Structures are given as C-alpha cells and as structure tokens.
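Please look through the sequence and the structure shown below before reading on.

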Amino acid sequence: MLRPRLISALVAGGALLMAAGIAMLSSSVGGVSVSLASPRLEIEPFEDFACLECHADQQRLSELAVEEEAPEALSSGPG
Amino acid sequence: MTPMEPWERVWIDAEAFGQDIHSYINCTECHGGEAVDDFELAHEGQVERVVNSPEVCGRCHVDVGPTQYDSLHNTLAGYDTALYERSTPENHPALEEMQANHCNQCHATCGDCHVSQPTSVGGGLVSGHDFEASPSMSRQCTACHGSRVKNEYYGANEGVPSDVHFRARMDCMECHTADAMHGMGAAGEQTSRYDGAPDPGCLDCHDDIEMGEDADTEIEMHSAHDEYDLACQVCHSTTYTNCVNCHVEQTEDGVPFYTVEDHYLGFYIGLNTNRSEDRPYEYVPVRHVPIAPDSFSFYGEDLLPNFDERPTWMYATPHNIQRVTPQTETCDSCHDNDELFLTRRTVDRAERRANQDVLVDLDSIP
C-alpha cells in the first residue's frame, strides 16, 4: 500500500510542476542566458499508482524480479 | 562494482522519490506500458531505459535536452570520426552494425547519468529512482569509463599512484562540467573529445601557472618551456594502459564479445597531430589504441582500407596526474632519453606508416 505521504505529494503535484516549468524557463546556462522555447506544460494528474504500488514494495519486487540468465562473458582484456 | 540484486534495480524509494519533482509525472509518460495490476500487461511495450527526446526529458529540459541529444556523450560520434577516417562510405553500414553490437551500450542517455547505472554494468536504479543532478563517479561515470580512466584515476594500475585530483577528493564533475557533458557551447561543435580547446583544461583552475622565459615562476621547468613546447601531461602524467589488437565478433547464438590481445603499462611522448591554436604544444603523451586492420573482420572484409590514415598512437590525457613524476626529476629525465619518446624503435613495423606524423625522430629528440 502506498504511503499516504507519497500519495498526497503526488496528487498535489500539478501546481508544483507548473511552477518548476516556469523556473526552468528563466534558467541560464553556463552564465549565459539562453533563449528557451516554451515547454509543453500539459500536466496530467498523476494516476499511475499501480506502478508505484509494486515498484515501491521491496518484498513484492523480490518475488517478482527474476535474474535474467546472463550469457557467458566471453570478452577478454580492457574494455 | 557490486552487482545489484534484481529487485534493487527496479525499486523505487518512495520517500526519496516522493520529494523529486519527477515523481509528479506519470510513470507511463516516460516508460510506456500501462498502469495496471497485471504484471504482463503493465510491462507490454514498456521502455526500461528511457532515451532523451523532445517528448521525454527534452519536454521540460528545453535548454539541455536538444544539445544533450546531439552531444558526443550521447551520440558517440567520436567513434564515427575515428572509424570513418580509416574506412570508406560503402563500409559505413557494416561499421554501424558493429558499433550497435559492441559500442553503443555506452550511449549516455539522461538516465545513465542521473537515474540509473549504465547498461554496460547491468543497469539498475542508483537512488531508488531519485534524480541526481550530479552522477556518481563510482556507479555511473566509471561504469563506462572503466578500464583506462578509472584505473588511472583511482590508482588501480600496479605501481602507479592515483591522480592527485582523486586524492584531493575531486570527482569527475569537478572538471567535466554539466555544460560540457550536455554538449553546450563549444562542446556542441566537437567531432571528438580532443576537438577544439581543452575542456577541461588544466589552466581553467591552475590559472596562476606561467610558462616561458619571461614567466613569473620559481619552477625551473616552467620557465624552460612554453605552451608551444609540450602539454602539461608530458611532465605531469605517468605510465598508463596501452592496448593492442582488439577484435570483435559474435557467438553462434549472436552474443557479441571482444578480445584484446594484449595490454601493458607505458608512457610515451609523441608529436601532437592535433596541433592548433587551442592545442599549440608540439609534444604530447600518446596512448596505443587497439585498432587493427582486421579488428572488425567478423562484420566484413577489408572494412578499414584507409587504416594508415589515422595513427594508432593517439594524443592522450591520462587521468594519473602527479606533481612529481620521473619526467620532472631532472632535465635529463626527458632530454636525450630515447626511451621516453615514441620512435621507430617503439612502434611495430606494420604501424609505422600510420604513425609517421606521431613518431619523434631519434635525431630530433630535444
């Protein structure tokens, strides 16, 4: 189950992302101001909780994540 | 580098990632797939290793995204520069196939520096999917830049101390700035990493160093030479890895692999074939690169018909800088010391023509 703190943070994300995008518009690079194109700030509400339910659950990942059988390492010498 | 457990590679640290602004973006926007409970369905069409594009990272990072996409770090265009100079256009498709199988896993996507370990070491989220502004030297930079740079910098070559900058607790980003890695400014014009002015350059930090007979310095060797004589590394680098004869091929099952016939430690001073206003020095350290005329024979015959158009001893900037080296002991450490210079006696007969512009004539050793 996702932690309540994370859920509330995600749900409140839209305004913060918008603000960050505006901040990025005014950033300068290497001391030189760069003319920036307007970013596409089409912010969708966060909905992918199913992804996080699994990927934030260490025990569940331990059961599901399977080590792929790596091919025999045949390379030799400095890479 | 300790391999990551399978679960570790895909584990999201909810606490840390929840503080990251990227956590407000739906997972499927960058990774594809579907946000459903069914394991198979969720990962159908999923992109594990996200590549920078205007629709992904470049969507918000409009200043960095486009330049990073065209940067040497992402395109590995430096390899193309080197290979194409030894080849002809009709061989480019075969060489590109070769690179796709053997070289391109070191394409540095945004994630390879800011989120995960590179594919070359098995991938995996470094900080629970938290985005780090500065990459980890041990888990990211040296994951790709391992056999030469890492060993030199860390002092892992037997009998060779670590770089003084490593001992000063400096990581890669102290010199190799974000702008350079992102291909911004002059870095965006490079066709190889030694194109244009040194970036980083020693004098970027050591700007108090003066050289030449009018220099305000107590260092005799600095007043005895000027910037047209030798690169800093000629005096301040020490022995480094040189590789010989790399060949690539695939197993019957299509698993690519390489074999480097030999490698050894050595230090050689050669002529600078890249001499320019930005790099005016006559002498530079040179490192042997393991290219051979038949390195890629698995992918076609005679893919490098112009093999001799480019040296096999290449301008090098070894990451093993010392203040005091064998070269700095006395003037005679270099002058009249044939062993230190790349001469006809040092170079394999079959490679002398390729290296004719690099070799120092025995009669001309200063």
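Which residue lies over the face of B:F307, and at what distance from the ring centre? The residue is B:R86, placed 5.0 Å from the ring centre; a charge is said to sit over a ring if NZ of Lys or CZ of Arg is within 6 Å of the ring centre and within 35 degrees of the ring normal.

## About the model

This is a predicted model, in which local features need pLDDT of at least 70 and side-chain atom pairs count only at pLDDT 80 or more, while totals for chains, interfaces and linings use all residues. Residues are numbered from 1 along each chain as its sequence is written, chains are lettered from A and ligands numbered from 1 in the order in which they are written, and side-chain values use heavy atoms, with hydrogens and water left out.

## A hairpin in chain B

Strands (E, at least two residues) and helices (H or I, at least four) are DSSP runs numbered from the N terminus, and two strands pair if DSSP finds at least two bridges between them. Strand 1 (residues 240-250) of chain B pairs with strand 2 (residues 256-266) of chain B in the antiparallel sense, over 10 bridges, and B:V248 stands opposite B:Y258 of strand 2. The hairpin that these strands form has 5 residues between the strands, and B:G254 takes a positive phi near 85 degrees there.

Buried means under 20% relative accessible area, exposed over 50%, and partly exposed in between, with a 1.4 Å probe and protein chains only. Because 9 of the 11 residues of strand 1 of chain B are buried, this strand is largely enclosed by the rest of the structure.

## An open sheet and a nonpolar core

Chain B also has an open sheet of 3 strands in the order 3-4-5, with antiparallel pairing. Its edge strands, each pairing on one side only, are strand 3 (269-271) and strand 5 (313-315) of chain B. Strand 3 of chain B pairs with strand 4 (residues 283-288) of chain B over 3 bridges, and B:G270 has B:V284 as its bridge partner in strand 4.

A nonpolar core is a set of buried Ala, Val, Leu, Ile, Met, Phe, Trp, Tyr and Cys residues joined through side-chain atoms within 4.5 Å. The largest such core has 24 residues, of which B:I269, B:Y283, B:V286, B:W313, B:F341 and B:L342 touch the most other members. Strand 4 of chain B gives the most to this core, with 3 residues. Leaving aside residues up to four places away in sequence, B:Y283 touches several residues, including B:I269, B:G270 and B:F341, where contact means heavy atoms within 4.5 Å.

## Aromatic pairs

Rings of Phe, Tyr and Trp (its six-membered ring) pair if their centres lie within 6.5 Å, and planes under 30 degrees apart count as stacked, over 60 as edge-to-face and the rest as tilted. The count by this rule is 9 aromatic pairs over all chains. In one of them, the rings of A:F46 and A:F49 have centres 5.2 Å apart and planes at 80 degrees, so the pair is edge-to-face; A:F46 is buried, at 7% relative accessible area, whereas A:F49 is partly exposed, at 24%.

The rings of B:W7 and B:W11 have centres 6.1 Å apart and planes at 75 degrees, so this pair is edge-to-face. Here B:W7 is buried, with a relative accessible area of 18%, and B:W11 is partly exposed, at 25%. Ring pairs also link B:Y153, B:Y154 and B:F166 into a cluster.
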